[in-house]
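The sequence and structure come first.

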Amino acid sequence: MKRRVFIKSGSGEFVQMLPGVKRKTLTFAEKTLSIEIFLDKGSKVPPHSHIYEQTGYMIYGKAVLNIGGEIYNVEPGDAWTIPSDVEHSLEVIEDSKIIEIFSPMREEYI
């Protein structure tokens, strides 16, 4: 089984996901995976869904999060969970940093 149980701050590589959106895989094991995401002001994550349960925490910035048609104005310290197969999207209002956890682990993010 692949796993990374610890990562030192400042290590790892970022991957461009969408224009203005990049991620770095932090830790992972059999059932979960954590990532750090940087989002530029004005960037968007279009509506999508997936099998993964997704839990997020806003470190800094501001965004508008749509989870299954419910709209949330996200600010530092806010947290959310998106159930499996629920459509969601994000519009970034200010440069932002988010930590997200996925379960089950996303193999394609390793």
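In this predicted model, Tyr-109 is buried, because its relative accessibility is 11% and the cut-off for buried is under 20%. Tyr-109 also pairs with Phe-102 in an edge-to-face arrangement, with 5.8 Å between the ring centres and 85 degrees between the planes. Phe-102 is buried too, at 2% relative accessibility. Together with Tyr-52, these residues, Phe-102 and Tyr-109, make up one aromatic cluster. Over the face of Phe-102 lies Arg-106, 5.0 Å from the ring centre.

Thr-25 belongs to strand β2, residues 21–28, and is buried at 11% relative accessibility. Leaving aside residues up to four places away in sequence, Thr-25 touches Arg-4, Ile-7, Leu-33, Ser-34, Ile-35 and Tyr-109.

The whole structure holds 3 aromatic pairs. One of them joins Phe-14 and Phe-38, edge-to-face, at 5.3 Å centre to centre and 65 degrees between the planes. This pair links distant parts of the chain, 24 residues apart: Phe-14 sits in the segment before β1 (15–18), and Phe-38 in strand β3 (residues 33–39). Lys-22 lies over the face of Phe-14, at 5.0 Å from the ring centre.

| Residue | Relative accessibility | Class |
|---|---|---|
| Phe-14 | 34% | partly exposed |
| Phe-38 | 22% | partly exposed |
| Phe-102 | 2% | buried |
| Tyr-109 | 11% | buried |

How values were computed
Residues are numbered from 1 along each chain as its sequence is written. This is a predicted model: local features need pLDDT of at least 70, side-chain atom pairs count only at pLDDT 80 or more; totals for chains, interfaces and linings use all residues. Side-chain values use heavy atoms; hydrogens and water are left out. Helices (H or I, at least four residues) and strands (E, at least two) are DSSP runs, numbered from the N terminus. Buried means under 20% relative accessible area, exposed over 50%, partly exposed in between (1.4 Å probe, protein chains only). Contact means heavy atoms within 4.5 Å. Rings of Phe, Tyr and Trp (its six-membered ring) pair if their centres lie within 6.5 Å; planes under 30 degrees apart count as stacked, over 60 as edge-to-face and the rest as tilted. A charge sits over a ring if NZ of Lys or CZ of Arg is within 6 Å of the ring centre and within 35 degrees of the ring normal.
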